[in-house]
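Work through the exercises below with the sequence and the coordinates at hand. Each task is followed by a worked solution.

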Amino acid sequence: MSTLLLEALRNSAARNPGAPAIVWRNTKWSYADLVSAAARVSNVLAARGVQSGARIALLMRNSPQYVACYYGVLGAGCAVVALNSHERENVLARQLEHSGAELLIADRDHVEFEPLRRLAAEQGVAVMPISLGDDEHSQSLFAQEFGASELSWAPAAPQDLAMIIYTSGTTGRPKGVMISHGNLAANTAAIIEYLGLHCGDRGLCVLPFHFSYGNSMLHTHLAAGATLFIEDNFAFPQVVLRRMQDEAVTGFSGVPSTFALLLGRCRLQDYDLSSLRYITQAGGAMPRPLIQRLRTELPSARLFVMYGQTEATARLTYLDPADLDRKLGSVGKPVAGVEIQVCDASGRELPPGEIGEIRARGPNIMLGYWRDPQATQQVLRDGWLYTGDLGHKDNEGFLYIDGRAVEMIKVGAFRVSPQEVEEVIAALPDVEEVAVTAIPDELLGQAIKAVIVPRAGKKLNVLQIKAHCREHLAAYKVPKVVEFASSLPRTSSGKIQRFKLA
Amino acid sequence: MADDLREQIRAFILENYLFTSDPDALGLDDSLLGRGIVDSTGMLEIIFFIEEQLGVKVKDEEMIPDNLDSVNKITNFVLSKRQAA
């Protein structure tokens, strides 16, 4: 059985307490610092009378404080509800309510902090505001806010709930993926194994920790005793590249748009990236020319193309870099402990070459969707996770992704449910009906398009629609294109034909 | 001229990221990233806007927050580039 995260962190701290664990802006937290800060959080929760099994929500950007809170919540025997810091107050409030969180620990400088605090108070959720110091005083500030650091962590069992990640759903029905301690431990161990992560590694993370990919990058580095550099904004890719050079970074992970941004405006050969040992890419298919360019510009770094989903903690498969040329376009084979099949609608496994739904089983598959047994039953059946992705295997067992069986838009690496965007637009009084679909986007892979039928005699304008969406949705969910029509294309049975909207 | 440029830049950001024409929605020194107004792809679009609409080439090494993270910073950057040209 894999080592659970708390124990893995403690092991890393015992082996090398002074080694830097998390580096963010002008602050550096060692493993000993991190364990002690996490213990402070656990103690505060215990002092507040929070019982084990309670959910504790976190709303903060990537920072050492987030990491300390995360491990502190686990140490208190509670589960982390990692809120998406890009979301707006209304969505956050609904997720908070749905999770039944007892306490929200939130960055007091977050743009949604004040409105969310009011909404949390209405729900009876206690709020603990914290400051994210980013200089040499960050730890004393944290200690002031959280107090004593005697370590007394509650032992966790593999099947215990460790984390809830809210993924794309409708606004009225949030979808919280339940990840257990065992899930995290198994996926962390599998990823460390194929990447060969060790305590000498220095990873640079631009991915948000509250999503599964960033979450896995965080835990794998801590369990390996490595150093993780947080770069919380990718708007200036050359600043990131300079940091990679100056810090002799050995590992970097991104989604296709990360690499499109990196290669789009920067000349990688202008930087000394010779320390870069590996690059990982997940979060959707990356165009082959981009893969080729990345390999040409970074010939010494091994490129891992990977596939996974939140419901599988993070990772399901990876393509060994040694097979990249031979199997370009494939997402490889299952990670250790995972089994993957391609099946037809009746659940029969399909032979190589035939396209069907991808299903997976293994110790990393989620416990289910929080407080939604119906949605859980739809995807967890007969011991398998039905991914909703379409794919096929070749004769050697390499997996290829061919699309999605479930309607979902992928903007960058973010899954967006068309229904969620439709619900928000439909709330405008002058909208008769609306349908949302994906359109191709050079940088992000897909972008969102909304087609709206206004009520008779009413006029709407594009800015008004986008402003309304921006007020109620995360920025990446705002449609890039808004069009008006007199009717929507439908099948004879009345179902909207989204593919005709693009 | 600087004022016209400033308002042109502000109007572009208001229309494309805040979806309004109300100038009060965006202070001239507001951090575009700090306020969550633009993300990484938005910043790339702003750079395209500077190059295509304002006729100023942005070099790799010039893509830094000091040049691009507010209306005033972008205005000053564009003016200094035009003067140097």
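The exercises that follow concern a predicted model.

**Exercise 1.** Determine which residues of helix α5 of chain A are buried, and how they are arranged around the helix axis.

Solution. 
- Step 1. A residue counts as buried if 20 or more other C-beta atoms lie within 10 Å of its own. In α5(A), residues 113-123, this picks out A:L116, A:L119 and A:A120.
- Step 2. Viewed down the axis of α5(A), the buried residues fall within an arc of 105 degrees, so they line one face of the helix.
- Step 3. The other side of α5(A) carries the exposed residues A:E114, A:R118, A:A121 and A:E122.
- Step 4. The packing partners of the buried residues of α5(A) are α4 (89-99), β5 (103-107) and β6 (126-130) of chain A.
- Step 5. Just after α5(A) comes A:G124, with a positive phi of about 80 degrees.

**Exercise 2.** Describe the open sheet of chain A and find which strands lie at its edges.

Solution. 
- Step 1. The sheet has 9 strands in the order β2-β1-β10-β9-β11-β12-β13-β14-β15 of chain A, with mixed pairing.
- Step 2. β2 (27-30) and β15 (333-334) of chain A each pair on one side only, and are the edge strands.
- Step 3. Inside this order, β9 (residues 202-205) and β10 (residues 227-230) of chain A are parallel and share 4 bridges. A:G203 has A:L228 in β10(A) as its bridge partner.
- Step 4. Helix α8 (residues 212-224) of chain A packs on the sheet, where it touches β1 (20-24), β9, β10, β11 (251-254) and β14 (315-319) of chain A. The direction of α8(A) makes about 160 degrees with that of β9(A).

**Exercise 3.** Characterise the side of chain A that touches chain B.

Solution. 
- Step 1. The contact involves 19 residues of chain A and 17 residues of chain B.
- Step 2. On the chain A side, two or more residues come from each of α9 (237-246), α10 (256-265) and α14 (462-472) of chain A. The largest share, 4 residues, is that of α14(A).
- Step 3. By type, the residues on this side of chain A are 12 nonpolar, 3 polar and 4 charged.

Methods:
Residues numbered from 1 in each chain as written. Chains lettered and ligands numbered in written order. Predicted model: local features only at pLDDT ≥ 70, side-chain atom pairs only at ≥ 80, totals over all residues. Buried ≥ 20, exposed ≤ 12 C-beta atoms within 10 Å, placed from the backbone. Arc of directions from axis to C-beta. Contact = placed C-beta atoms within 7 Å. Nonpolar A, V, L, I, M, F, W, Y, C, P; charged D, E, K, R; others polar. Pairing = 2+ DSSP bridges. Axes fitted to C-alpha atoms, helices over the stretch in contact; angles between N-to-C directions.
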